[in-house]
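This briefing concerns side-chain packing in a single structure. Please examine the sequence and the coordinates before reading the points below.

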Amino acid sequence: TELVLASIILREKFPNLHSSHKISFKPMMPNIRAMLAQADAALVLESFPDEHGATQLFALDLAEEWADLTELPYVHGFWVAREEDLPTVYAERLVAAANEGVSARRTIAEAYALRKGFSVESARTKVEQFDFFLDDREQESLSEFFRQAFYHGILGDIPDLNFFDLPSSAPSKN
């Protein structure tokens, strides 16, 4: 999704760039210096800013750019299954795992920060920014993401997304 997002952001926010250069992506290992030796830009996925020591480089936070462009939150990922292919018991287990992860995210952030040498408070703040449920704004964002990807020729059509309720295991937002 990040490649699609990068393509949308570049085309929407830098239209002159797209008209003068063909945007293409080349898979590489996440070494910024090596990437920039072979390309005009590097797409790096990182948990925390400056994780790769790129403070002196011009950088865009694609999720922030998406929010600026659409006034919607960026959905980094979500589980998809055909209703008939996912027994309710497995769907309930996914919801339970999500709830478990949400309640443990503070502990997870602290452990990650200590292991990587980041500030524990910044790790907590960063992790707590993430929401793990698709409410109306997130669903609207997904629809806009697919619409933009279709408009820019990245997707052949706009998929229909149906959301199914699990009456026995309503997700918790805590």
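The model is a predicted one. Its largest nonpolar core comprises 11 residues, and the aromatic pairs number 5.

**Nonpolar core**
- The 11 residues of the largest core are Leu-5, Ala-6, Ile-8, Ile-9, Leu-62, Trp-66, Leu-72, Tyr-74, Phe-145, Phe-146 and Ala-149.
- At least two residues of this core come from each of α1 (2-13), α4 (62-70) and α7 (136-151).
- Helix α1 provides the largest share, with 4 residues.
- Beyond its neighbours within four places in sequence, Phe-146 is in contact with Phe-78, Leu-155, Ile-158, Pro-159 and Leu-161.

**Aromatic pairs**
- Among the 5 aromatic pairs is that of Trp-66 and Phe-145, which is edge-to-face, with 5.8 Å centre to centre and 70° between the planes.
- Because Trp-66 belongs to helix α4 and Phe-145 to helix α7, this pair ties together parts that are 79 residues apart in sequence.
- Trp-66 is buried at 0% relative accessible area, and Phe-145 is buried at 9%.
- The ring centres of Tyr-112 and Phe-118 are 6.2 Å apart and the planes meet at 20°, so this pair counts as stacked.
- Tyr-112 is buried, at 16% relative accessible area, whereas Phe-118 is partly exposed, at 22%.
- One aromatic cluster is formed by Trp-66, Tyr-74, Phe-145 and Phe-146.

**A buried arginine**
- Arg-105 is located in helix α5 (residues 88-116).
- Arg-105 counts as buried because its relative accessibility is 17%, with the cut-off being under 20%.
- Leaving out residues up to four places away in sequence, Arg-105 touches Val-127, Glu-128, Phe-130 and Phe-132.

Notes:
Residues numbered from 1 in each chain as written. Predicted model: local features only at pLDDT ≥ 70, side-chain atom pairs only at ≥ 80, totals over all residues. Heavy atoms only, no water. Core = buried A, V, L, I, M, F, W, Y, C linked by side-chain atoms within 4.5 Å. Buried < 20%, exposed > 50% of the residue type's maximum accessible area, 1.4 Å probe, protein only. Contact = heavy atoms within 4.5 Å. Phe/Tyr/Trp six-rings, centres within 6.5 Å; stacked < 30°, edge-to-face > 60°.
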